[in-house]
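The sequence and the structure are shown first.

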Amino acid sequence: MDITLEVIPLPVTDIDRARDFYRDKVGFHVDIDQEVMPGMRIVQLTPPGSGCSIALGASIWEMTPGPTPAPGSYQGLQLCVADIKAAHAELVARGLDVSEPVQYSPDDGATFMHFQDPDGNGWAVQEYRRRATEPLHRVLADLKRQQA
C-alpha cells in the first residue's frame, strides 16, 4: 500500500494575506481558491515541483478531530532546493525576508536558510544538491521497482 503526504493544513489568521504571501513572495502555485461547500473556503497552494501542498481555510479545523492549532504555531516546515544561492536570490527578489544561507558542513543537505509567514509559521529551506539530478519522485519510483 502506498501512502502519500499531499496536503498540510496551515493555521493562519487571514487567508487572503497568507495566499498572497505564499503565491507572491515564496512562489507557490495556487491550485484551489474556492468555496468547496457552503461556508467552507479552501485555498490550496503547492511549491513548484512538490508533491505536497499547504491548505488554508478556517473551516478545515472544524473537520479535524483534536485542538485547533494557533496561527503561527507551526515551526520547522521544510522545503528543499537544489541550489540554495539561486533560491535565496529569487526569494529576495520576490521581497521575502529570508535569512542568509548557512552551511553547517560541506555535506549535501547541510545548508539551510529560514523565513516566517505573516503569522509566524516558521519554514526552513534546505539545499539538497542531489535533487538537481535525482528528483524525489524518480528516486521513489526507482526504489519501488527495486523492491518489486
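## Contacts and overall layout

Of the contacts in the protein between residues at least 6 apart in sequence, 53% join residues at least 24 apart; contact means heavy atoms within 4.5 Å. The model is predicted, with local features needing pLDDT of at least 70 and side-chain atom pairs counted only at pLDDT 80 or more, while totals for chains, interfaces and linings use all residues. Residues are numbered from 1 along each chain as its sequence is written, and side-chain values use heavy atoms, with hydrogens and water left out.

The protein has 3 helices and 8 strands, where helices (H or I, at least four residues) and strands (E, at least two) are DSSP runs numbered from the N terminus. Read from the N terminus, the order of elements is β-α-β-β-β-β-α-β-β-β-α. The C-alpha trace spans about 50 × 45 × 25 Å along its principal axes.

## Annotated region

An unreviewed UniProt entry carries the annotation "domain: VOC" for residues 4-128. UniProt positions are given in the numbering used here, feature names are shortened, and annotations may be inferred rather than shown by experiment. Over residues 4-128 the chain is 17% helix and 34% strand, and the end C-alpha atoms lie 21 Å apart.

## Nonpolar cores

Of the 148 residues of the protein, 36% count as buried. Buried means under 20% relative accessible area, exposed means over 50%, and partly exposed lies in between (1.4 Å probe, protein chains only). A nonpolar core is a set of buried Ala, Val, Leu, Ile, Met, Phe, Trp, Tyr and Cys residues joined through side-chain atoms within 4.5 Å. The largest such core has 23 residues, and Tyr-22, Leu-56, Phe-115 and Trp-123 have the most contacts inside it. At least two residues of this core come from each of helix 1 (15-25), strand 3 (40-46), strand 4 (53-56), strand 5 (77-81), helix 2 (84-93), strand 7 (111-116) and strand 8 (122-127). Helix 1 gives the most, with 4 residues. A second, separate core has 5 residues, including Met-40, Ile-42, Ile-60 and Trp-61.

Which residues does Tyr-22 contact, leaving aside its neighbours within four places in sequence? They are Leu-10, Gly-27, Phe-28, Leu-45, Ile-54, Asp-117, Asn-121 and Trp-123.

## Ile-84

Ile-84 is in helix 2. Is Ile-84 buried or exposed? Ile-84 counts as buried because its relative accessible area is 2%. Not counting residues up to four places away in sequence, Ile-84 touches Pro-101, Thr-111, Phe-112, Met-113, Val-125, Gln-126 and Glu-127. Ile-84 and Thr-111 are 27 residues apart in sequence, with 7.7 Å between their C-alpha atoms.

## Salt bridges

A salt bridge is a side-chain nitrogen of Lys or Arg within 4 Å of a carboxyl oxygen of Asp or Glu. By this rule the count is 11. One of them joins the side chains of Asp-16 and Arg-41, at 2.6 Å from N to O. This pair links distant parts of the chain, with Asp-16 in helix 1 and Arg-41 in strand 3, 25 residues apart. Asp-16 is partly exposed at 34% relative accessibility, and Arg-41 is partly exposed at 27%. Both residues belong to a salt-bridge network that links Asp-16, Arg-19, Asp-20, Arg-23, Asp-24, Asp-33 and Arg-41.

Glu-90 pairs with Arg-94, the closest N and O atoms being 3.5 Å apart. Glu-90 is partly exposed at 47% relative accessibility, as is Arg-94 at 32%. Glu-127 pairs with Arg-129, with 3.2 Å between the closest N and O atoms. Here Glu-127 counts as buried because its relative accessibility is 10%, whereas Arg-129 is partly exposed at 35%.

## Surface

The protein exposes about 9,000 Å², and carbon and sulfur atoms supply 54% of it. Accessible areas come from the Shrake-Rupley method with a 1.4 Å probe, and for residues only the protein chains shown count as cover.

Val-36, Met-37 and Met-63 form a nonpolar surface patch with about 300 Å² of accessible area together. Patches are made of residues with over 30% relative accessible area and no salt bridge, with like charges joined within 9 Å and nonpolar side chains (Val, Leu, Ile, Met, Phe, Trp, Tyr) within 5 Å. Met-37 lies in strand 2 (residues 29-37) and is partly exposed, at 44% relative accessibility.
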